[in-house]
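Here is a note for a colleague who is starting to read protein models. Please keep the sequence and the model open side by side while going through the points.

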Amino acid sequence: MASKQLSFCIVFVLCLGMTSVMAQKPKLNSSGSLAGPGVITSDSWGVAKATVENPTPQDQKLLATVTFNKNAALSNVQFAREFWIPANSKRDIFIPIKTPAFSLNTKALDAQVQLLDTQGNSDIFLSRDSAFYRTATTSRLMAKLLNPKNPYNSQLTSNLQKQLGNNQPYQNYPAHLMPEDANLMTNIGVLLVGHSDINLNPMQMQALRQWVLNGGQLQILLPETGMTFCRALLGDHLPMQVVDQTNLTSVILKGKNKFRQGALTARISHKSPQPRGWNLGNLKPNRVDINGGGTRFRNPDHTKRTVISSTAKLSPSWSKAQFKGRLRLSHNTADSGVVMRVTFLNANQQVIGDAIDLVKNVTSRWQNFSKIINLPENAVQAKIEVGLENTAGILWASSLGIIPTRMHFDHPVAFWRVLAPTLQTHQSLMQDGWPMMLRKKIGRGSVTLLTLGIQYWATISQTNSPIIDRAFRTTPSSKIKVPMNLELLTKVNTQQIGYQVLSRTPVMICLISLFVIMVLASLLFWKQGRPELLAPVSVLLALLTAGIIWGLGLTHHRQTPLTIASIQLAEIEPVSNYALTDGVVCTYSPTRLQSPLSATLGGVIWPDLSGSTGKLLRMKWTDSHKWQWDNLELPEGSTRTHEIHRVMPLQQPVKAVASFNRQGMICTIESGPYVGIDHPIIASRNDHAVGKVTGQDNFTVTSDLTLGLDQFVNSTTMTATDIQRQEVYRSLIYPNADTLDAHAYPSVPSAMWWSKTMDMGMTQGSDKAQNKQYAIVCVPLSYQRPAPGSTFVIPSPVLEPTVWRDGSNARSMVINPINKRWISVVSQEVQFKLAFQIPPQLLPLKLHSGVLTVDFKMSGRSLIITTANGEEIARHKDIASRINIPIRTDQLKITPQGKVILGFEVTPHDNPLDNHMWNPSGGVRLELTAVAK
């Protein structure tokens, strides 16, 4: 009995010990939340969050993984984070993940989170949890990094969401959850910042900077954020000076806030004679006739009235408003009977004071009437009336509205007066001559600085003001726009590997040997009188030659080393010295390659996962932001392609400086880490000029009006490499103009060339791999002004044209307004003006002459070219190919903004019944000769 009791005690103690050991294992404390805005978007990178607890007395090195088990495309992919956690502690772990593509009706995605110990020979399972991630209906999120204690925080963002019509509200983005890699922020389109205590570490600050360069829209409330953050984030990108900081109780407001649904220029339908927002009272519909040209009020005699009214809600913060309208009378109406007045109402719909008349001396011509009125203190509504009473006749009215002109705040609003002449603003966003909003394009993204405090923007956002649109509306693309055709890059890249499979020399030796043997055999059989033997011998010789070539190819194939070929498009941001890189990497291995794909400098690669079904693929990040793909095998004799999207900081500057002389332009290059200059060109949105390398760091661009749109190499005999690079250039600069996704590239005149690529910090295989890596470098031009009195030529790519009409940019029927490309075919006649912008760095100058190149194709029509004032320069009919038109000095005029404006007219077809299409896709280019002042 004692023995049984002893055995029971031993088992009990062992069980307690095992339970204690089990309790001491690290475990997932919670998961399922997403770092940052808190939702996920389809097919984009983000950061998942899990909390891990380590109750043991030892420090641990563990692995946390996220797997989307129910998604077929990613069921065998694990996103993992290797991390260190101290003893007896709890830590939040952030795991980079790429979400699968999902439909719009998906409300949430579930995933499995695991905690593993990978220090031994095999993974040891420690803990498991389920995660549910809320999905967004938009592909780019809006996030806010605002002070949570500010009472205007939620008020502003909720009002913005209502007015801007975004289907995704602003999500909170705590600073400590900011990723340290810009690629993990690609699901965010807009970030609104208004917090003076952000405290981002250097890695987070660089990630935010790279996110802007790669297409992010950053909006900064300057009074709430401060200049320290702005200068640390953007440095020389925002050349501005803070003059002073003050508080305002009264703010001037400019805009076009009119009656909602109450415009008198809307057509009235037969089904609904009552115009929306306006009260006709007991009037018959035929007494008020509303159409596109205005509203007609008919009054039959002196004892009746034809008056309609509308009531507008007033914001409590408005102190003054402009009431305006446009009126005219028919000749038989007395203006004493014209009614246009405003009455103010309080919250109980009681009238405050007397009605205020707004018109006087109405004539038979259209006249604008307006009056700025101080709004009564308790007024919540303004009732405006218009029409005729106690007089017979007809009145016309249009454009009635209320425009707030001044706001008043009980608590002062912070305002910063800032000088920033290179940043863009809007004339309606000014306060006492100082900008309320400043904006600048940086890389592919933009930064908006708001110099008035959040209280002002939160208040004005309640009024549906167009000022909110101008200050806050952004158009972030659904995804980061990649200018390069990655399929074309992949094709060119794989050919770089394919050329090494078997050279032409052994093949030619085999074929020549076959020819010689056939000739000798035919002579031998002919002398012997047995020519019929040549047929079977020829078949045997052909089979033998084919076998030899196949054997040589197989042997050479096995001898071809591990090869890594890459082609990248590197857009240089010269101010901050970053390279926006998009491209493809192709890896070829003669044997099965099992080494991991890894990166030591951050960044993200999404590899080709074909052939990996059934294997667990794991993308593992470390605390030092290095990562690697495990189990990503490459089969023998195959090629795998990976896409690259990175924003790379440059250790050496990359610049392109253009100087000018009588022959043309010299471009001096600082290539930095991109070694060598090959096939250089100067390119802009609608033109290019081919360069000729003249030195180690410069090339020239001279006038050569014979080059076609598809010619990028000055060579009569083109190699296979020349042809490939021409095709890449053409797809960049002249994509299909009739497709909406064919965006203009580059966006500003730039130097482009081919060179050796810089190290991307990504490896696969051994260090003995053969590297064939090239980059297409694109750098915006900076300009060196010629010496005063010198004559120089400005080539056409530097003079970018924009559509011009009545002193402002406009649209044209021959240029696609979305992608800024010339449309391929047009049916009707057109008239338009083009403004060619001279770089401001070259002004002032005096124009000497010009050459206009027109590449239209049109039969049965005439092209008329005029000056900005309508003076005819040239007239051509039945243009079938490119023509060059000289322009005299007196026909060239420069606007104060440095634009040369020319008019163009394509006449109707000679045959009125013929609707023959004509082709303007070749475009118009201008080259100028000028003298520097």
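The points below go from the whole chain to single residues.

1. This is a predicted model, in which local features need pLDDT of at least 70 and side-chain atom pairs count only at pLDDT 80 or more, while totals for chains, interfaces and linings use all residues. Residues are numbered from 1 along each chain as its sequence is written, and side-chain values use heavy atoms, with hydrogens and water left out.

2. The chain has 11 helices and 52 strands, where helices (H or I, at least four residues) and strands (E, at least two) are DSSP runs numbered from the N terminus. Of its 933 residues, 51% count as buried; buried means under 20% relative accessible area, exposed means over 50%, and partly exposed lies in between, with a 1.4 Å probe and protein chains only. The accessible surface comes to about 43900 Å², and 53% of it belongs to carbon and sulfur atoms; such areas come from the Shrake-Rupley method with a 1.4 Å probe, and for residues only the protein chains shown count as cover.

3. Contact means heavy atoms within 4.5 Å. Among contacts between residues at least 6 apart in sequence, 75% join residues at least 24 apart.

4. The largest nonpolar core holds 116 residues, of which Y133, Y674, L781 and L852 touch the most other members; such a core is a set of buried Ala, Val, Leu, Ile, Met, Phe, Trp, Tyr and Cys residues joined through side-chain atoms within 4.5 Å. Leaving aside neighbours within four places in sequence, Y674 is in contact with residues including A570, L650, M758 and V777. Another core, of 63 residues, lies apart from the largest one, and among its members are A312, W318, M436 and L452.

5. On the surface, M508, L511, I512, F515, V516, V519, L520 and L523 form a nonpolar patch, with about 750 Å² of accessible area together. Patches are made of residues with over 30% relative accessible area and no salt bridge, like charges being joined within 9 Å and nonpolar side chains (Val, Leu, Ile, Met, Phe, Trp, Tyr) within 5 Å; a salt bridge is a side-chain nitrogen of Lys or Arg within 4 Å of a carboxyl oxygen of Asp or Glu. L511, found in helix α9 (residues 504–527), is partly exposed, with a relative accessible area of 42%.

6. Is N187 buried or exposed? N187 is buried, because its relative accessible area is 5%, and its place is the loop between β9 (171–172) and β10 (188–194). Not counting residues up to four places away in sequence, N187 touches V39, T41, S44, W45, G46, S139, R140 and L141.

7. Some backbone angles deserve a careful look. Most residues other than glycine have a negative phi, and most peptide bonds are trans. Phi of N577 is near 65 degrees, and N577, in the loop between β26 (563–573) and β27 (578–589), counts as buried at 16% relative accessibility. H679 has a positive phi of about 50 degrees although it is not a glycine; H679 lies in strand β35 (residues 678–684) and counts as buried at 13% relative accessibility. A cis peptide bond joins L843 and P844, with omega about 0 degrees, and P844 lies in the loop between β46 (830–837) and β47 (845–854).
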